[in-house]
Amino acid sequence: MSEAMERGNLWVVSAPSGAGKTSLVRELVAHEPRLSFSISYTTRPPREGEVNGRDYVFVDEDRFVAMIDAGEFLEHAQVFGNRYGTARGQVDRELAEGHDVLLEIDWQGARQVRTMMPEGRSIFVLPPSREELERRLRGRGTDSDGVIERRLREAHAELLQWSEFDYAVINDDFHRALADMQRIVAGEGSNLKASRPAVGELAERLLAETPE
Ligand SMILES: Nc1ncnc2c1ncn2[C@@H]1O[C@H](COP(=O)(O)OP(=O)(O)OP(=O)(O)O)[C@@H](O)[C@H]1O
Ligand SMILES: Nc1nc2c(ncn2[C@@H]2O[C@H](COP(=O)(O)O)[C@@H](O)[C@H]2O)c(=O)[nH]1
């Protein structure tokens, strides 16, 4: 008699733009063979160096709306003036095959996933300061000043959600943050209840530094 395959775990990672979640998640997935990264769909134009099907599936507005109408998204949202969404089929398949799946999505998507898949676990990544967040966005060199300013403005709305997540990681030192994420996905991390005082203090400071 064959044993029933154990379903994989769903992980959601969110953070203000520029906090470093993509960099952390890429490293995490590279070191964790059990974990697969869900490639999102977006209407945002590709940045230099981004590859269709690796970084995102880049689609136009009509295709995105057709996918919404066909119920193909697990979650989707308008973020910084573009649409982003997670295709349901791939995630369901991976989980059914026993793989853990990681979604890197904004707070609106995280909220939708929390409602539909409450068994999922979520991680919020915080930058060490607003100044460092801006330095990282500018240093990345991928966005115009206008886009960077919009992302910094909208950091406030993202930061307001920190306490809705199960875990928080402060991305000050990259390797320490990566090690924290590795512990969390291995089931050995301290949840937010345990790390709440330090994280709460930083989150409040960041909220004060990033006006609405
Ligand atoms: N701990 C760190 N220290 C210094 N720089 C970092 C650190 N983590 C990430 N970075 C850098 O900060 C920049 C932003 O990182 P990244 O693109 O991963 O952010 P993000 O949160 O995914 O942003 P977005 O939501 O816009 O995609 C990158 O240039 C990255 O190399
Ligand atoms: N709700 C969703 N948000 C997503 C998804 N994929 C990415 N994102 C978020 O968008 C912003 C901007 O990303 P960028 O690549 O343009 O810098 C970032 O905060 C992501 O978390 C998704 O499928 N759904």
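A residue counts as near a molecule or strand if its C-beta atom, placed from the backbone, lies within 6 Å of it. By that criterion, 13 residues lie around ligand 1, and Ser17, Gly20, Thr22, Ser23 and Arg136 come nearest. Two elements, α1 and α5 (130-140), each give two or more residues to this shell. Helices (H or I, at least four residues) and strands (E, at least two) are DSSP runs, numbered from the N terminus. By class, the shell around ligand 1 has three nonpolar, seven polar and three charged residues. Here Ala, Val, Leu, Ile, Met, Phe, Trp, Tyr, Cys and Pro count as nonpolar, Asp, Glu, Lys and Arg as charged, and the others, Gly among them, as polar.

The model is predicted: local features need pLDDT of at least 70, side-chain atom pairs count only at pLDDT 80 or more, and totals for chains, interfaces and linings use all residues. Residues are numbered from 1 along each chain as its sequence is written, while chains are lettered from A and ligands numbered from 1 in the order in which they are written.

Ligand 2 is surrounded by 15 residues. The closest are Ser40, Ala77, Tyr84, Ile105 and Gly109. β5 (73-79), β6 (82-87) and α4 (107-116) each give two or more residues to the shell. Five of the shell residues are nonpolar, six are polar and four are charged.

β5 and β6 also belong to a sheet. Four strands form this open sheet, in the order β4-β3-β6-β5, with mixed pairing. Two strands pair if DSSP finds at least two bridges between them. The edge strands, β4 (57-58) and β5, each pair on one side only. β5 and β6 run antiparallel and are joined by six bridges. Val79 has Asn82 in β6 as its bridge partner. Helix α3 (residues 88-96) packs on the sheet and touches β5 and β6. Its direction makes about 30° with that of β6. Axes are lines fitted to C-alpha atoms, for helices over the stretch in contact, and angles run from 0 to 180 degrees between N-to-C directions. α4 lies across β5 and β6, at about 155° to β5.

A second open sheet has five strands in the order β2-β7-β1-β8-β9, and its pairing is parallel. β2 (35-37) and β9 (167-170) stand at the edges with a single partner strand each, so one side of each is left without a neighbour in the sheet. From one strand to the next, the twist averages 25°. Strands β1 (residues 10-14) and β8 (residues 121-126) run parallel and are joined by four bridges. Ser14 pairs with Phe124 in β8 as its bridge partner. α4 packs on this sheet too, touching β1, β7 (100-104) and β8, and its direction makes about 155° with that of β1. α7 touches β1, β2, β7, β8 and β9, and its direction makes about 165° with that of β9. Residues are in contact if their C-beta atoms, placed from the backbone, lie within 7 Å.

α7 also packs against α1. Helix α1 (residues 21-31) and helix α7 (residues 174-185) meet at an angle of about 55°, with their axes 10 Å apart. That makes α1 oblique to α7; angles under 35 degrees count as roughly parallel, over 145 as roughly antiparallel, 65 to 115 as roughly perpendicular and the rest as oblique. Leu24, Glu27, Leu28 and His31 in α1 meet Ala177, Leu178, Met181, Gln182 and Val185 in α7. This contact has six nonpolar, two polar and one charged residues.

How values were computed. Two residues are in contact if their C-beta atoms, placed from the backbone, lie within 7 Å.
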